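Thanks for coming. I will go through one structure briefly, starting with the core, then a sheet, then the aromatic rings.

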Amino acid sequence: VMFEPAAPNARSLSLQTDGNLILSAGLPLIYRVQSDGTPDTSFNTEGYNVLPPDIFVFGPINKLQTDAKVVLGGVNMADDDPLTLNFYMARLTTDGILDTTFQTDGTSTFAIGTSVDWIHEMAVQPDGKIAIASTYQTEPDWSNTDYGLVRLDTDGSFDTSFNTTGILRRDLDANISVAPTGMALQPGGKILYSGMTQAGQMEIF
């Protein structure tokens, strides 16, 4: 299937219960394709939606809620600075437009570090809350990468029932970098988070 407009940095694919496919790419750009490979014109009338801001979004991940709304997570540059990447989140309704019950305009940007933040995995809980596995940096030279977990409430705000702030930061020792590899939800709302650290050798946490 060839996509029009083109799908730069296409990364994440989700399958709806009706067989339609959701594809997310940079810009950010969201497509919905029917089971026969044709654009679903009931999705924003053209089968796709180019979301604000008008700046490239890296690593876009999409997940489906139980009500078939689409949650998008990635990172974008703050003030066009490639050394400052912040979280970018958006939610779309089933008809492909931004959901204004999510942070009033359907999108949200925030940071948990002071340099480069990155979303590695994301999951939507049965109650609609959004769990995000991430890394963050406090130095622009990439010398130290730590990991964090973020949980957003159903309206896109930080879920303060999660570590009181909605953010859990794990600050590793200096010159140790981390690479998350996966996240899973357990019954009861617990979150499993796996990855690797690097300090002369690779270690699993």
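The largest nonpolar core in this predicted model has 16 residues. Those with the most contacts inside it are Met89, Phe110, Met122, Ile130, Ile132, Val150 and Leu152. At least two residues of this core come from each of strand 7 (81–92), strand 9 (117–124), strand 10 (130–137) and strand 11 (145–152). In general, nonpolar side chains of soluble globular proteins tend to be buried together.

Take Val150. Leaving aside residues up to four places away in sequence, its contacts include Phe110, Ile130, Ile132, Phe158 and Ile167.

Four strands form an open sheet in the order 9-10-11-12, with antiparallel pairing. Strand 9 and strand 12 (167–170) are the edges, each pairing on one side only. On average, neighbouring strands here are turned by 15° against each other, direction ignored. Strand 10 and strand 11 pair over eight bridges; in one of the pairings, Ala133 has Leu149 in strand 11 as its bridge partner.

On to the rings. How many aromatic pairs are there? The count is four. Tyr31 and Tyr48 make a tilted pair, 6.3 Å centre to centre with 50° between the planes. Tyr31 lies in strand 3 and Tyr48 in strand 4, 17 residues apart. Tyr31 counts as buried because its relative accessibility is 3%, and Tyr48 does too, at 18%, since the cut-off is under 20%.

The Tyr147 and Tyr193 ring centres are 5.4 Å apart with planes at 80°, so that pair is edge-to-face. It links strand 11 to strand 14, with the two residues 46 apart. Both Tyr147 and Tyr193 are buried.

Finally, ring pairs join Phe87, Phe110 and Phe158 into a cluster. Phe110 is also among the core residues with the most contacts.

Methods:
Residues numbered from 1 in each chain as written. Predicted model: local features only at pLDDT ≥ 70, side-chain atom pairs only at ≥ 80, totals over all residues. Heavy atoms only, no water. Core = buried A, V, L, I, M, F, W, Y, C linked by side-chain atoms within 4.5 Å. Buried < 20%, exposed > 50% of the residue type's maximum accessible area, 1.4 Å probe, protein only. Contact = heavy atoms within 4.5 Å. Pairing = 2+ DSSP bridges. Axes fitted to C-alpha atoms, helices over the stretch in contact; angles between N-to-C directions. Phe/Tyr/Trp six-rings, centres within 6.5 Å; stacked < 30°, edge-to-face > 60°.
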